[in-house]
Amino acid sequence: MDEGLVIRDARPSDAVGIAKVHVATWQSTYPGLVPDAYLVNLSEAAAAMRWHNAVQAHGPGQGALVVVDGAGSVVGFATYGGRRIPVEGYEGEFYALYLLDEAQGQGLGRRLMATMAERLQEGGKRAAVVWCLRDNPARWFYERLGGVRVAERPIRFAGAELVEIAYGWRDLAPLARLSTGPEMR
């Protein structure tokens with residue numbers, strides 16, 4: 001991993017940076033998967049307000065992480081917590097993981113997943129799922145990390161009929177062990 005990149009807990013002051021990553025990654029990842037009108041109308045300002053509140057909601061087994069570069073700019077983020085959509089046998093959930101294009105390919109996604117798995121375990125959760133669009137080509141990332149397809153559901157999003165799939169880890173310990181590199185700060 002690049003020496004200048006650090007994974008740490010998100011703070012309310014990171015909200016603007018998280019919002020920039022959120023909008024940029026959605027606009028680069030989801031064209032053709034979600035309606036273009038939705039992507040064009042994403043607002044960093046609105047997202048920053050939502051993220052400011054969201055990063056304050058944390059505790060054992062739930063929270064948000066950021067990846068910051070040497071200049072202190074957010075280049076990625078991840079969120080996790082208790083399962084929102086019932087999938088039998090899975091009590092935790094990886095809610096989101098996004099990295100700017102230039103931050104990909106450095107092992108940061110793997111480290112974020114591993115750190116979230118550690119945190120979920122610390123909160124008493126042994127198993128977790130992640131939901132993603134079935135047609136998202138990045139979903140193979142979860143399979144490479146040992147996730148197994150465990151559920152599928154139709155959703156209506158921004159006026160479109162889509163399908164989400166869930167990848168699950170029945171035991172978070174092997175995923176948590178994938179974290180390597182410098183200690184979190």
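**Questions on a Protein Chain**

Student: Does His 22 count as buried or exposed?
Tutor: The relative accessibility of His 22 is 14%. This is a predicted model, in which local features need pLDDT of at least 70 and side-chain atom pairs count only at pLDDT 80 or more, while totals for chains, interfaces and linings use all residues. Residues are numbered from 1 along each chain as its sequence is written, and side-chain values use heavy atoms, with hydrogens and water left out. Because buried means under 20% relative accessible area, exposed over 50% and partly exposed in between (1.4 Å probe, protein chains only), His 22 counts as buried.

Student: Where does His 22 lie, and which residues does His 22 touch, not counting those up to four places away in sequence?
Tutor: His 22 is placed in helix H1, residues 15-29; helices (H or I, at least four residues) and strands (E, at least two) are DSSP runs, numbered from the N terminus. Contact means heavy atoms within 4.5 Å. Leaving aside residues up to four places away in sequence, His 22 touches Trp 51 and Phe 77.

Student: How many helices and strands does the protein chain have?
Tutor: From the N terminus, the order of elements is β-α-α-α-β-β-β-α-β-α-β-β-α. The secondary structure comes to six helices and seven strands.

Student: What is the radius of gyration of the protein chain, and how does the globule rule bear on that value?
Tutor: The radius is taken over C-alpha atoms, and the globule rule is 2.2 Å times the number of residues to the power 0.38. For 185 residues the rule gives 16 Å, and the chain comes close to that, so it is as compact as a globular protein of that length. The radius of gyration of the protein chain is 16 Å.

Student: What share of the residues counts as buried, and which residues have the most contacts inside the largest nonpolar core?
Tutor: Of the 185 residues, 46% count as buried. In soluble globular proteins, nonpolar side chains tend to be buried together. A nonpolar core is a set of buried Ala, Val, Leu, Ile, Met, Phe, Trp, Tyr and Cys residues joined through side-chain atoms within 4.5 Å. The largest such core has 57 residues, and those with the most contacts inside it are Phe 94, Met 113 and Trp 169.

Student: Is Gly 32 buried or exposed, and how far apart in space are the C-alpha atoms of Gly 32 and Asn 136?
Tutor: Gly 32 is found in the loop between H1 and helix H2 (36-40). With 72% relative accessibility, Gly 32 counts as exposed. Gly 32 and Asn 136 are 104 residues apart in sequence, and their C-alpha atoms are separated in space by 9.8 Å.

Student: What distance separates the C-alpha atoms of Gly 70 and Arg 134?
Tutor: Gly 70 lies in the loop between strand S2 (63-68) and strand S3 (74-87). Gly 70 is exposed, at a relative accessible area of 69%. Gly 70 and Arg 134 are 64 residues apart along the chain, and the separation of their C-alpha atoms is 35 Å.

Student: Which value is phi of Ala 158 near?
Tutor: Ala 158 is in the loop between strand S6 (148-157) and strand S7 (160-169). Ala 158 is partly exposed, since its relative accessible area is 40%. Its phi is positive, in a residue other than glycine, and is near 50°.
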